[in-house]
Amino acid sequence: MIEIKAKLVRADSAIYATGECVECLIEFTHKTFPESTDRNANTANLENLAWASVQLHCYRKTSYSTPSNDKTAELAELIGRTALDAVTQAPGEVIVTTKPKILFCDLKLQPGETKMYFFNEMVPRDGPPTYRGHDIRYFYKITIATQRVKSKVQTLTVPIRVLPIPLIARPDELPVTVETNEELAPTNPFLEKREISELEISWHHLKNVTARRAPKFYRISNKRGFVGRFCLFKPAYKLGEDIVGSLDFGNCQVRCVQFSVKLQQQELPIRAQPDAIQATTPGDDVSSLNSFDMASIASGIAVDNLHRSDTSGSARNKDEHVPTGKLSTISTSHQVCYATLQTQVVVPIPLHVTPTFRTDLVDVKWRLHFEFVTSVMMDFGTPNPVSGELKAPAELPVETMVWNLPVTVYAANPLQIYAPNQTYNLLIK
């Protein structure tokens, strides 16, 4: 009996970025039992493996209707490339695969003997990230295949998570920053200059994009008057960060009773589906069409930089249908702010979600979904003449308004995400 063990070299995190190198240790052991002590029996139990190979596969499982010519092209491209096409029948179709690497041919193992092999492979830069959505899934697996003489092919799969890193078309046109500028430092002619890889350039670019603060002010108003002003400090975030903003209700003409902010993930199909049904779910843009007019976006205080953003009930976009796709609420922040002048909004971004990406079938975006409950009653009612305290009103007329603000979520460094991997094994009897 032969036991195959596979374990990733990166023990603290089984997460990799596109363009990063995946390293894996693979052991082949001839398992023995205590009762087999005879030398002739051990000689007879000599195990022989004909071959073993390893490669990385990316699978896609979707309920979207794809054109038949695309599937034909994919199958024609895969035929004849590798012998593993017939045995890697995972629940999905293979869309990205690397070239198989042969570990050995004609391996003989004595009882109790162990052979260890090292496998490394680059994750394709043009591949999709790991994603588990409503109508589509992308997942990666390292496939280890081996075959005994006169036996069928046995496979062992090791799943990994892949995060997307945005591609840079012209790395030489990136702005020179203090962190990446090494040309102005004194150089030593006796030291070899290390070339910066494309992945390192992408990480520096991603760090600069997510660290840049560009506050934008959003003036929230409706047909009844001014509600408040929202400030978002930056539009791009990484996994694990908090989306921090502030709300100012000073000089308002309509009182905001309470509000909630939801971090939502949108799954939008690229191609029009014939059987797609646009279902209205609670929290969509059409949930309260009888309330408010518009919200204004100001990128600064100047009136010249004023832009407009749609909310529910906007009179200028009722005839336009904006697809929302399938929504998933990740985080929620709720506050009661009837007598509040200023407050802050903190919405965390978990580490297990998938950042913003786009493929030929799906476009995954992120947004902040606001729900404001407002009232034209600007005070609590008439004071109590006996004790001098304010008396809460028995009835409070309220209206509800929703507003969607798009944000961009990028991947974090995989080394900063703790996801310990386990050892995967396979017994061949």
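## Exercises on salt bridges, a cavity and a surface patch

Lys 365 forms a salt bridge with Asp 363, and their closest N and O atoms are 3.8 Å apart. The structure used in these exercises is a predicted model.

### Exercise 1

**Solution.** 
Step 1. A salt bridge requires a side-chain nitrogen of Lys or Arg within 4 Å of a carboxyl oxygen of Asp or Glu.
Step 2. A residue is buried under 20% relative accessible area and exposed over 50%. Lys 365, at 36%, is therefore partly exposed.
Step 3. Asp 363 has a relative accessible area of 10%, so this residue is buried.
Step 4. Salt bridges with shared partners also occur in this model: Arg 60, Glu 93 and Asp 360 are joined by them into one network. By the same rule, the count of salt bridges comes to 14.

### Exercise 2

Explain why the salt bridge between Glu 20 and Arg 10 ties together parts of the chain that are ten residues apart in sequence, and state whether the two residues are buried or exposed.

**Solution.** 
Step 1. In the salt bridge of Glu 20 with Arg 10, the closest N and O atoms are 2.3 Å apart.
Step 2. Glu 20 lies in the loop between β2 (15-17) and β3 (21-30), while Arg 10 lies in the loop between β1 (2-8) and β2, so the pair ties together parts ten residues apart in sequence.
Step 3. The relative accessible area of Glu 20 is 13%, so Glu 20 is buried. Arg 10, with 17% relative accessibility, also counts as buried.

### Exercise 3

Describe where the partners of the salt bridge between Asp 135 and Lys 326 lie.

**Solution.** 
Step 1. The side chains of Asp 135 and Lys 326 meet at 2.9 Å, N to O.
Step 2. Asp 135 is in the loop between β8 (131-132) and β9 (136-148), and Lys 326 is in strand β18 (residues 326-336); the pair links distant parts of the chain, 191 residues apart.
Step 3. Lys 326 has 35% relative accessibility and therefore counts as partly exposed.

### Exercise 4

State how many cavities of 30 Å³ or more are counted, and describe the lining of the largest cavity.

**Solution.** 
Step 1. Rolling a probe the size of a water molecule over the atoms shows where empty space is left.
Step 2. One cavity of 30 Å³ or more is counted, and the largest cavity holds about 30 Å³ of space.
Step 3. Its lining includes Phe 230, Ile 243, Gly 245, Val 345 and Phe 370. Two or more lining residues come from each of β12 (225-232), β14 (242-248), β19 (342-348) and β21 (362-375). The largest share, three residues, belongs to β14.
Step 4. Sorted by class, the lining of the largest cavity has nine nonpolar, one polar and no charged residues.

### Exercise 5

Locate Met 116 and Met 122, classify each by accessibility, and identify the surface patch that contains Met 116.

**Solution.** 
Step 1. Met 116 is placed in strand β7 (residues 114-122), and Met 122 lies in strand β7.
Step 2. Met 116 has 49% relative accessibility and therefore counts as partly exposed. Met 122, with a relative accessible area of 43%, is partly exposed.
Step 3. Met 116 forms a nonpolar surface patch with Val 9, Leu 25 and Phe 118, and together they have about 350 Å² of accessible area.
Step 4. Met 122 and Ala 17 are 105 residues apart in sequence, and their C-alpha atoms are 9.6 Å apart in space.

Methods. Residues are numbered from 1 along each chain as its sequence is written. This is a predicted model: local features need pLDDT of at least 70, side-chain atom pairs count only at pLDDT 80 or more; totals for chains, interfaces and linings use all residues. Side-chain values use heavy atoms; hydrogens and water are left out. Patches are made of residues with over 30% relative accessible area and no salt bridge: like charges are joined within 9 Å, nonpolar side chains (Val, Leu, Ile, Met, Phe, Trp, Tyr) within 5 Å. Accessible areas come from the Shrake-Rupley method with a 1.4 Å probe; for residues, only the protein chains shown count as cover. Helices (H or I, at least four residues) and strands (E, at least two) are DSSP runs, numbered from the N terminus. Buried means under 20% relative accessible area, exposed over 50%, partly exposed in between (1.4 Å probe, protein chains only). On a 1 Å grid over the protein atoms alone, a cavity is a set of points where a 1.4 Å probe fits but cannot get out, and a pocket is an open set with protein on both sides within 12 Å along at least five of seven lines; lining residues have an atom within 4 Å of a point. Grid points are joined across faces, edges and corners, and a volume is the space filled by probe spheres set on the points. Ala, Val, Leu, Ile, Met, Phe, Trp, Tyr, Cys and Pro count as nonpolar, Asp, Glu, Lys and Arg as charged, and the others, Gly among them, as polar.
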